[in-house]
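Trainee: Could you please take me through one part of this model in detail, namely its pockets?

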Amino acid sequence: MNSAMDPSTCQSCNQRFNSVFCKAHEDHINQINEQKSCSVFKRGEVLFSEGGRPLGVFCVSEGKIKMSHMGDDGKDQIIRLVKAGDILGYRALLSGERYSASAEALEDTQVCFIPRDLFIKVLKLDSNLAFEMMKLLSDELHRAEIKLTHLAQKPIRERLAETLLFIKETYGYEADGVTLNVRLSREDIANLVGTATESAIRLLSEFKKDGLIELEGKKIKIMQPRELLKTANLQD
């Protein structure tokens with residue numbers, strides 16, 4: 001069950017300049033600060049479920065979240081990894097539709113909730129925020145187009161290498177500079193790659209044998225990032 005937390009102000013939030021609100025007018029940030037509510041979601045807890053009605057948007061101040069859509073076969077498909085500074089729930093809110101995905105905390109996560117009416121009001125009044133939202137939606141569409149192309153054209157080995165690099169770009173490394181700063185199950189990784197769990201496990205073992213990575217439970221260490229980049233067939 002999520003619990004209330006003692007929130008910092010929007011102005012003092014560590015993610016203030018990493019979020020879509022970075023260029024919003026100070027008066028509007030003050031309004032959001034006065035009316036937002038903040039909570040902690042434990043690992044495995046759900047922020048919202050597919051099919052639910054959006055009542056506002058969530059801004060992540062700390063933690064990690066995966067967003068999943070249930071396919072026709074009844075299996076969840078991860079469609080997005082969320083990090084601190086990101087907002088979520090805005091597409092359903094802006095379109096007036098129900099949530100098309102569920103959001104689950106990958107670790108203990110702090111989020112602030114901004115009510116729908118306030119968010120829409122500020123968005124209409126603040127052209128800078130509206131422009132940042134357009135950029136955000138454009139970036140998401142671009143990433144979706146690239147992913148669709150790679151799913152259709154790239155072999156699984158290249159897609160796994162690309163997925164590991166994507167996870168690194170999203171969450172970074174731990175203090176040792178090689179361990180990915182997130183714990184994902186083999187099923188989650190297979191989900192991101194777009195393959196069967198068994199295939200992901202086999203390829204991860206191959207990558208380990210080739211010296212590209214090291215595996216310690218759910219910990220994955222990137223030992224040869226440049227070779228992994230070549231394997232992914234991406235431009236450096």
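Mentor: In this predicted model, the largest pocket has a volume of about 1500 Å³. A pocket is an open set of points on a 1 Å grid over the protein atoms alone, where a 1.4 Å probe fits, with protein on both sides within 12 Å along at least five of seven lines; lining residues have an atom within 4 Å of a point. The volume is the space filled by probe spheres set on the points, which are joined across faces, edges and corners. This is a predicted model in which local features need pLDDT of at least 70 and side-chain atom pairs pLDDT 80 or more, while totals for chains, interfaces and linings use all residues. Residues are numbered from 1 along each chain as its sequence is written, and side-chain values use heavy atoms, without hydrogens and water.

The largest pocket is lined by 47 residues, with Ile79, Arg143, Ala144, Phe166 and Thr170 closest to its centre. Helix 4 (127-153) provides the largest share of this lining, 15 residues. Strand 6 (76-82) and helix 5 (156-171) are among the other elements that each supply at least two. Helices (H or I, at least four residues) and strands (E, at least two) are DSSP runs numbered from the N terminus. By type, the lining comprises 21 nonpolar, 10 polar and 16 charged residues; Ala, Val, Leu, Ile, Met, Phe, Trp, Tyr, Cys and Pro count as nonpolar, Asp, Glu, Lys and Arg as charged, and the others, Gly among them, as polar.

The second largest pocket has a volume of about 430 Å³. Lys75, Asp76, Gln77, Glu187 and Asn191 lie nearest its centre, out of 21 lining residues. Here helix 6 gives the most, with 4 residues. This lining divides into 5 nonpolar, 8 polar and 8 charged residues.
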